[in-house]
Amino acid sequence: MIGYGVCVGPGNLFHRLSLPAIERVRTPGSPVFTMRNQRSLFAAYNAMFDQAAANSDVTGLVMLHDDVELRKNPADVAQSVFEDDSVGMLGSVGGSDTVSLAWWNERETRRGRVTDYDKVHDYGSDRYEVHAVDDVILCVNRWTIENIRFPEGHYRGFEGLGVILATLVRAAGKRVMVQDLQDVMHHNDGRGFNGLKDWRHNELRWQREFFDLSPLERLGNHLERLTIPAIPARLAARRLMMRATGEIHRASDGETGDPVIDELVGGWYRRCTRLRGRLLV
């Protein structure tokens, strides 16, 4: 059977949105694994993989954020996809030719479908092979549960997991797919990223591990890592400037709901495009 896994954050989102929906759609007896008071989504998912691996009845996991409401059972789609042994992971939306954790900037390769609180992200409801998925909801099969773990201490916080996990799965020789997972509703009301410093740390680490970098690029990567503590000051300065010019009220044109963060992430993405074609998996 396919179980469910949720990393539960502070507040009541899990008990108000996620858990009641899981209870409505899940097959009776399917286990629900929850991790609470976590400092890292990566450590939480490793722990859930360990718990699922210890249960021989679990053939896969649906792993979702605590602000995701399931309208139908995504396990119905996942079971069909995982009949193909070459597949190790399934998401609802994702993309290819990915050079940044901001996978959505690869506009031409975006695939899949998910509903946010105020809009539908619809890049096709068929089944597609991709390089990266959004971690709002993802499914893994028994092979991935038993064989894939995030390296201890390499990644931190709560950002970029879907891209990094997809890369680990592909590096192990399995394919990554996306498909509309049965009317998923993501109640993300524009809260933005949980931790931009963790985002940049994870992106730089991922690029060091999985891209063909020259010695000079590796040096630049390490030097940029040293500037991460200054990110909050950079954001604050940019907010002051945007308030002074009246730009602070402009609508966000990215995925975070915050034009200041979108601007910074977009700048990182544009710099990352130099890595196009150098992903090692």
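At what angle do the axes of helix H8 (residues 231–245) and helix H9 (residues 259–272) cross? In this predicted model, the two axes come within 10 Å and cross at roughly 125 degrees. H8 is therefore oblique to H9, and the crossing of the two helices is right-handed. On the H8 side, the contact is formed by Ile231, Arg234, Leu235, Arg238, Arg239 and Met242; these residues meet Pro259, Val260, Ile261, Glu263, Leu264 and Trp268 of H9. Classified by residue type, the contact of H8 with H9 contains eight nonpolar and four charged residues, with no polar residues.

Strand E11 (residues 137–141) was examined next. Five of the five residues of E11 are buried, so the strand is largely enclosed by the rest of the structure. Burial applies to both faces of E11: Ile137, Cys139 and Asn141 point one way, Leu138 and Val140 point the other way, and all are buried. E11 pairs with strand E3 (residues 60–64) in the antiparallel sense, over five bridges. Within this pairing, Val140 of E11 is the bridge partner of Leu61. E11 is also joined to strand E5 (residues 87–91), again in an antiparallel arrangement, by three bridges. Here the bridge partner of Gly91 is Leu138 of E11.

Beyond residues up to four places away in sequence, Ser18 touches Val6, Leu13, Leu64, His65, Asp66 and Val68.

Asn37, which is not a glycine, has a positive phi of about 55 degrees. This residue lies in the loop between strand E2 (32–36) and helix H2 (41–53). Asn37 counts as exposed because its relative accessibility is 76%, over the 50% limit. A positive phi, near 55 degrees, is likewise found for Asp97, a residue other than glycine. Asp97 is located in the loop between strand E6 (93–95) and strand E7 (111–116). At 42% relative accessibility, Asp97 lies between the 20% and 50% limits and therefore counts as partly exposed.

Definitions and conventions. Residues numbered from 1 in each chain as written. Predicted model: local features only at pLDDT ≥ 70, side-chain atom pairs only at ≥ 80, totals over all residues. Heavy atoms only, no water. Buried < 20%, exposed > 50% of the residue type's maximum accessible area, 1.4 Å probe, protein only. Helix = DSSP H or I, 4+ residues; strand = E, 2+ residues; numbered from the N terminus. Pairing = 2+ DSSP bridges. Axes fitted to C-alpha atoms, helices over the stretch in contact; angles between N-to-C directions. Parallel < 35°, antiparallel > 145°, perpendicular 65-115°, else oblique. Left-handed = near helix turned anticlockwise from the far one by under 90°. Contact = heavy atoms within 4.5 Å. Nonpolar A, V, L, I, M, F, W, Y, C, P; charged D, E, K, R; others polar.
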